[in-house]
Amino acid sequence: MGCGSCSTGGGCTPAGCKSNGSCLTNGCSKLDVYDWLSHMDMPVNYKPFSILEIKFKGSRKEFYQNPDNVYLENGDLVVVEAATGGYDIGHVSITGELVRMQMVKRRVKEEDVLKKIYRRATPADVDKWKAAKDLEWETMHSARKLALTLNLSMKLSDVDYQADKTKATFYYTAEGRVDFRELIKKMAETFRIRIEMRQIGMRQEASRLGGIGSCGRELCCSTWLTDFKTVSTSAARYQNLSLNTLKLAGQCGKLKCCLNFELDTYMDALKHIPDNVNILKTVKGDARLQKTDIFKKLMWFSYLREESWIPLTLTRVKEIQQMNREGVLPDDLNIISELAVAPPKVLDYENVVGQDSLTRLDERNRKKKSRNKSKSKNKPGSPNGDTQAQASPATADGPREPRPERGPRSEQGPRPERGPRPEQGPRPERGPRPERGPRPEQGARPEGSVNAEQGPRPEGGGNPNRNRNKNRRNNNRPNNNNNNNRGEQPTQQ
C-alpha cells in the first residue's frame, strides 16, 4: 500500500518507503486496525471520546489523553508526552468509540491513562524525528561491538530512539540473565544519551523485525497477532503431523503459533475416535493401525508382511474391539467392512462437441492428413491411381465384398542341399591399355538436325560395351550373399 509521506522519483513512479515501517500515514504500519465505526452517524449531542491510541515503531501502542480536543484522524503525526521526560512522536492508530473497545480488551481503565497529547507535529519536529531514526542502525552495530568486547551472551536486535534524541531503548534477547551494567556505562559514554535495556523473547523479536513465513505470507505476529500462547508438541501429535523440528519451527526458532489455530477443531473430531486400537486380533492374524483420517472417520489397518491397507469405519472398529474384549476373533477384517461409495458426479451439461478434450486438435489434424492421402491415391494422374481404380471396384453404391478366406498353406519340403562350389582358376592378367589418339574436332551441329545413321535409342539402352563389361565383372565376383539368402545351388559350368 502506498504511503502519503513517500516522495516520487519523477513522473508517477514512487520512490518507495524510506521510513522502514514508521510512515507518516497508516499505510504500511504493523498491526493495522480497521475502524468499522467511522462511517456511522453519531447523535447531535455526542461528545467524542477523549482518549486516542498512538502507535510507535514496531508493534508498540499506547493510549493518550486529548485534553484540548484537537481534531485528529487516523495517520496524523502527533507529539506526545514521554514516560521519562521529554517528548516523542507517533501517529494516530484509532480514534472514537473503537478506542473504548480496545481498552476493554486490554483491560485498561480510563483513570490509568495519564499521558497527554501535546500538539500536531510541525515540520521541524518531523525533521528532528527523522534525524533520530537515521542514527538507529549505526547505534545498534556499535552496541553489538561493545557487547562482543565484554563477552556478553546476548543479542541486540533493535534500537528505538526517542524523537528528542535524549533516550534510546535497546531490545535484546538472551537465554539467561545478563549483567550489562558495564555495557550501559560504555554505551552512555559513547552515545551521550540515556540508555534503557529491555529484554524480549524470540517471538517478540520476530514480531518487531518481521519476515515471511513458510506459507509465503507475512508473519502473523508482525501483522495481527498480539498475544503469544504456549505451543507444545502435543498440538502436532493431535493433528497427525510429523514431529520434524525443521518444519514445525518458525522464523523465531520456536514452534509455530499457527499450530494452535486449528487445534480445537481437531480435538472435537477426536472425541469420536476410539482409543487403544493399535492392534485388532482376527483369525487371520493381528492387524496393526497404520493411519487415521479424523475428518473422514476412517482407520487403516494392515496385517503383518502385507503391503495392502484395509480401511475400516469407526463402527466396525468398535465392533471388533468389543469382540476382542469378549474373547471372540472375527475371521477377517474385509468380510464386514463396507465403505460408502460416493455416487458419480453428474454434470449439468454434455460434452457434445468435445471441447473438454485436450487432444481434440491433434485428432482433427490426423483426420485431415488421412483424407489428403486418400485423395492423392485416387487421382488419375498418380502412379497408383489407375491400378487402384482397376483393382478395387467403386464402393459408392454399397460396401465392399469381403475377401475370401485363404486356405491352409501347403507345407514345403526340405530344401535341397547345396553341392560343392567349383573352383575357379587364376584370373588372367590384363595387358597395357593402348593410348588413344587425339579426338577429331566436330563441327557445329545444326539446330533441329537428327543423325540419320543412328536410329532412335531403345528403352533402357546405353553404351553396349559398358553393360558388357559390367556383366563380366559381376560374373567373376563370388555371389555368397545371394546364394545364402535364397538357398539356391550354384550352377556348375
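## Serine 207 in helix 5

Serine 207 has its place in helix 5, which spans residues 202-209. This position belongs to a predicted model, and every value in this report is computed from that model. With a relative accessibility of 4%, serine 207 counts as buried, because the limit for a buried residue is under 20% relative accessible area. A polar atom of the serine 207 side chain lies 2.6 Å from the backbone oxygen of glutamine 204.

## The protein as a whole

The secondary structure of the protein comes to 14 helices and 12 strands. Of its 493 residues, 28% are buried. The accessible surface amounts to about 38100 Å², and carbon and sulfur atoms account for 49% of that area.

How much of the contacts with a separation of 6 or more comes from residues 24 or more positions apart? The share in this protein is 59%.

Helix 1 covers residues 97-105, and its buried residues are Leu98, Val99, Gln102 and Met103. Why do these residues lie on the same side of helix 1? They cover an arc of only 145 degrees around the axis, and this places them on one and the same side of the helix. The elements that cover them include strand 1, strand 2 (61-65) and strand 4 (87-94).

Just after helix 1, arginine 107 takes a positive phi of about 60 degrees.

In helix 4, residues 181-191, the residues Leu183, Met187 and Phe191 are buried. These three cover an arc of only 45 degrees around the axis, so they are on the same side of helix 4. Arg181, Lys185 and Glu189, on the other side of the helix, are exposed.

Which elements cover the buried residues of helix 4? Among them are helix 3 (136-149), strand 7 (167-173) and strand 8 (194-199). Just after helix 4, arginine 192 takes a positive phi of about 60 degrees.

## Methionine 299 in strand 11

Methionine 299 lies in strand 11, which consists of residues 298-303. Is methionine 299 buried or exposed? Its relative accessibility is 1%, so methionine 299 counts as buried.

The surroundings of methionine 299 can be described by its contacts. When neighbours within four places in sequence are left aside, methionine 299 is in contact with Pro274, Val277, Leu289, Lys291, Thr292, Ile310, Pro311, Leu312, Leu314 and Val317. Arginine 316 is 17 residues from methionine 299 in sequence, and the two C-alpha atoms are 9.8 Å apart in space.

## Salt bridges

A search of the whole structure finds 21 salt bridges. In one of them, the side chains of glutamate 53 and arginine 106 meet at 3.2 Å, N to O. Glutamate 53 belongs to strand 1, while arginine 106 is in the loop between helix 1 and strand 5 (117-120), so this pair ties together parts that are 53 residues apart in sequence. Glutamate 53 counts as buried because its relative accessibility is 0%, whereas arginine 106, at 35%, counts as partly exposed.

Lysine 57 and glutamate 136 also form a salt bridge, with their closest N and O atoms 2.6 Å apart. Because lysine 57 lies in the loop between strand 1 and strand 2 and glutamate 136 in helix 3, the pair ties together parts that are 79 residues apart in sequence. Both lysine 57 and glutamate 136 are buried. In a further salt bridge, the closest N and O atoms of lysine 115 and glutamate 62 are 2.5 Å apart. This pair links distant parts of the chain, with lysine 115 in the loop between helix 1 and strand 5 and glutamate 62 in strand 2, 53 residues apart. Lysine 115 counts as partly exposed, at 23% relative accessibility. A network of salt bridges links Lys57, Arg60, Glu62, Asp88, Lys115, Lys133, Glu136, Asp158, Asp160 and Arg208.

## A nonpolar patch on the surface

Which residues form a nonpolar patch on the surface? The patch is formed by Tyr34, Trp36, Met40, Met42 and Met101, and together they have about 590 Å² of accessible area. Tryptophan 36 is found in the segment before strand 1 (51-55).

Note on methods. Residues numbered from 1 in each chain as written. Predicted model: local features only at pLDDT ≥ 70, side-chain atom pairs only at ≥ 80, totals over all residues. Heavy atoms only, no water. Patch = residues over 30% accessible without salt bridge, like charges linked within 9 Å, V, L, I, M, F, W, Y side chains within 5 Å. Areas by Shrake-Rupley, 256 points an atom, 1.4 Å probe, with all protein chains shown as cover. Salt bridge = Lys/Arg side-chain N within 4 Å of Asp/Glu carboxyl O. Helix = DSSP H or I, 4+ residues; strand = E, 2+ residues; numbered from the N terminus. Buried < 20%, exposed > 50% of the residue type's maximum accessible area, 1.4 Å probe, protein only. Arc of directions from axis to C-beta. Contact = heavy atoms within 4.5 Å. Polar contact = N/O pair within 3.5 Å; in protein donor to acceptor, adjacent residues only side chain to side chain.
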